[in-house]
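Let's walk through this structure together, from whole chains down to a couple of single residues. Keep the 3D view open as you read.

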Amino acid sequence: MDYLLALAATGVIMGIIYALMAMGLTLIFSILNVINFAHGEFYMLGGYFSYFLLTLFTGLNPFVAVFLSGLLVSVIGLIFEFFFLRPMHLGRIERPPEYAVLITFGLSFFLQNLALAVFGPYPHRPTSFFSGAVDLGVVRVSTDRLTASVLSLILLGLLLLLINKTWIGKALQAVSQNKDAAAVVGINPLRMNTIAFSLGVGLAAIAGALLAPSFSIMPDVGAVPSIRSYVIIVLGGMGSIPGSILGGVLIGLVESLGAGYFPDPSRGLTYKTSFGLIIFALVLLFRPRGFFGRKER
Amino acid sequence: MFRKKNLMGLLALLLVMTVLAGCAPEVVTETVRETVEVTVKETVVVKEEVVVTPEEEAMPEADTILIGAVGPLSAPGSFQAGTEMRNATEMAVDEINDAGGILGKQVELIFGDTEGLPERGTAVVERLITQNNVVGLTGEYHSGVGLTEIEVAHKYGVPFVQAETWADEITSSGYPEIFRIAPSIDFYSSIATNYIAEVGWEKIVFVVENSDYGHLQSESWVAQLEALGITDVEVFFADADTEDFTPILQRIMQDPPDMLAGVITGIGNSRMLRQACDLGLAPTAETAYYASVDSQYPEFWENVGDCGQYVFFTYVGLPESLWNEKTGGFIAAYEERYKQAPGGSAMAAYDGTYLLLNAIEDAGSTDSQAIIDALETIKYTGVMGDFWFEYTADNPVPASEPAWMWHQWPTPNTYIIQYTEVDQSAGDAPVVYPTERANGDLYTSP
Amino acid sequence: MKAKDNFSLSLQWILGGILLVIALLVPLFAQTYWLHVLIIAYFYALLASSWSLLAGYAGQFSFGHMAFMAIGAYTTGLLGRYFGIGPFLGIIFGTLMAGLMGLAIGALVLRFKASYLALFTIAFSEILRMILNGESDITRGDQGLSIVPLLGEEIISRVPYYYIMLAVLLVCMVLMYWLANSRVGLFLRAIREDEEAAAARGVNVVRYKVLTFVVTSMIAGLAGGFFAHYITLITPNIMIIPQMGLVIAMAIVGGVESLFAAAMGGIIIQVSLEVLREFGAWRLVIFGALLIITLRFARDGLIAPIMQKVMGTAPKAELRTQTDAQKVAKEDVLDES
């Protein structure tokens, strides 16, 4: 029983962080109708920027570093959106859905190799937020990981507030529901696109920066979180914010319990990410809109 | 539109091609490499015994001696080990050239990046032999790659001194061209298993990377431990790039072992240690932690923080307490040139290169068989100790010895070292086993 | 008009012929190493062009192509290892197996829009890779599955392998060209441009979409089979997503709507990767950048427009004066079913 609780607790703790990154992806999909195949690479950049900020400015508060790297990555996202995604919405690109898939995939390919060429292949680790571990009764978890989870939870809460209570949030919602109607009432959909994309990749970067002290960073560290995010948003419903939170926690649990209770324990860990993938494939086949997604528009 | 005529034409072409495929001879063109350095600083004294072997084909008189070296310089290979091997090999060649070269000629080194992939290794070695016409090969870190490479070297009869490959089959193949100075897996494992028995641990859990190295290694350990009477052994596999080991670690925590091993190379080594440490599983007074060879590299401490203290691992190389006069000089020179301390792989590559070149010198020629004969009888003191190859064509491996002893350096330096302080370098860490060579306590518990 | 057409047609054949002759004569003056590079390049050309048939012609941007290639490779490898089945038979089984999986996947993704198709095929590919890795007792995983050479242990020369791979590439290109220029090709383009209109005119959308999946996955499986028996050692790393990305880059930079341009893209990029070895990781950065820029500013690819200028082929697919959908509408295409 202890084991089950320990696994479940770890699953939830990680799930919350997964949810933060997935929310960024779902936001991008909801507003721009684009699946950002480079989401994992923005996660990776978040980790690297945090690491470099902390090594360059040794006295820097790790939380400030996380925030700053989120900001830096958002700017990069903004630039990419402006040059490569905006033309889609201006009608200058033929067959936009295929283009969107390929261009973000191309970006992923480019960023991963750029990171490898520039940063080199050796693993690095930014300084911890706090050292040691915390005993939560049913499970013992590193303080870094718990900090990451708590911060993610706070951010998730702030985002929900943003979406539901502020003007920008409502404008974003409007655009996601009906672009033309939103334009009619004076919301600039193009500007909302840019905001959504920058915010979305910024969230991925923050998740990356938060987890960097726990998992270390390497150029390909974003590959697995990327796929995991797709799984989460499809499960939760593409474009649904609460869906991404629920999906995130669920996938965290699935991975943890699946690896722990795999019939052949010696191989459970090697299949850890495949559990989510199988659920993913099944959802795509039988209930593509996931938990809370809208019907295809 | 597609016409029948075109189809016929193409079919005819295909027919021609199949005929050509059968008949076309393989033309091996020789590349004439530009000489890099021609100045001979001093005449090298040729030894008394000049081995004159009748040459099968007339080789053009080259002005340099070309040797090839291989290793992983990029992922998915262990580029860290490969890079330091290349550095050490280059340094060795430069030193030899500065001292006048070999047989009165300058040595030219070509290093091939195998990327840790068997098919690349084969292609690289084939290129080195057939395109670059190297007279001998040295290096290699990955057993899986080394195994395919020895086939190519054997096919062409070119001598190959493998520096860091551990698979038994490298030498148990019995190929006359292949020599090895690294420990075999059998030998390497025995150091750890004997250590475990010596300390008295009885319940062991291995978490091993899901690769050729991992499988070979864990099988070896389990078999040896069983022979030593230690049967409570469990093995878990994990991909080298696993992010989160927590589910398995929590499972292990249900019934903590006396010793937990995290035998993952690369980033996984640090990740698993950190995660085990954060969970309070190991290294603790109840559970010791055995890490992988990658713990010797500089970024170990950056990635694990305080968790590295009390961790021990098997080190292949020469710890400071066992240096001879050459070792210190080598380490200082390497540090000055490359701005970081050399690991065990660097030493192995360095000695391997010197062995090959000294053998060419001893042979008095670049003929493959002459070099092989010279290697079989060589006696050389390198930075890792005194080298010789016990079992050769004149002295075959007896039935009482394992087959991998063929062309094998019998005393490869393999020790257990333990980090007793945070941020300790691998050079400062005490050698704890084998006891005859130890300079620290057998095991320091947290 | 007719004379010009005939001239440009002859020009195409002459240029194609010259390239072919060069390809045939390469082994007479190239070293073994370069033969190896070209063999691998032809392998990628096969993958890039078949992917372009699936994506460019049929509009299905699948990320599962390397998975089908791996199915071909592992089928023949495992059959050889455990049942002693010879290479040629093994390759046939591998191709069929890949086709079978292609049938299943093709049927499953019929209604999927671009992003869902991409996601699903990525998931399929990754699940397969994890199984190949996880069941390493059977597949030998990362240690690598040993495979008998296609021509047996005695023939060590690369020359016959070169001609075989070239032959396979040419045969498949011919097959794909025939398909693309036939009525099937017309239907596919019509479906791609306006699925509903094509269906309304009686084009059996389901059949042709699935057919393309089956054909292209079989070609990928065939490529995988030959590759396996050439390289003689395979690991699950042959199908990682970055490899899929490379093939996509080759097809797009070459020209995703021209089989020949995509194939040339494959050959040129693979050879460049070898030639530019000293640049290390930067090579792929350059190709990544090339991919993004080509997508944004040169949708037809970089090689295809050159081909068009040189050979005067038809204007780009997107702006045909008469769309294929309309052409379908004009012809009496009530399907044979």
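In chain C, what percentage of the contacts with a separation of 6 or more comes from residues 24 or more positions apart? The figure is 80%, where contact means heavy atoms within 4.5 Å. A quick word on ground rules: this is a predicted model, where local features need pLDDT of at least 70, side-chain atom pairs count only at pLDDT 80 or more, and totals for chains, interfaces and linings use all residues. Residues are numbered from 1 along each chain as its sequence is written, chains are lettered from A and ligands numbered from 1 in the order in which they are written, and side-chain values use heavy atoms, with hydrogens and water left out.

The accessible surface of chain C is about 13,200 Å² by the Shrake-Rupley method with a 1.4 Å probe, and carbon and sulfur atoms supply 68% of that.

Now over to chain A, with its 12 helices and 2 strands. Along the sequence they run α-α-α-α-β-β-α-α-α-α-α-α-α-α. For 297 residues, a compact globule would have a radius of gyration near 19 Å (over C-alpha atoms, 2.2 Å times the number of residues to the power 0.38). Chain A comes out at 19 Å, which agrees. Its C-alpha atoms fill a box of roughly 55 × 50 × 35 Å along the principal axes. In chain A, 61% of the 297 residues count as buried.

Time to zoom in on chain B. B:T89 belongs to helix α2, residues 79–98, and is buried, with a relative accessible area of 2%. A polar atom of its side chain lies 2.6 Å from the backbone oxygen of B:M85. Beyond its neighbours within four places in sequence, B:T89 touches B:A69, B:L109, B:T138, B:A349 and B:T353.

B:E115, for its part, is in the loop between β2 (106–113) and α3 (118–130) of chain B. Is this residue buried or exposed? B:E115 is buried, because its relative accessible area is 13%. Leaving aside neighbours within four places in sequence, its contacts include B:G71, B:P72, B:R120 and, over in chain C, C:R277.

Note on methods
Helix = DSSP H or I, 4+ residues; strand = E, 2+ residues; numbered from the N terminus. Buried < 20%, exposed > 50% of the residue type's maximum accessible area, 1.4 Å probe, protein only. Polar contact = N/O pair within 3.5 Å; in protein donor to acceptor, adjacent residues only side chain to side chain.
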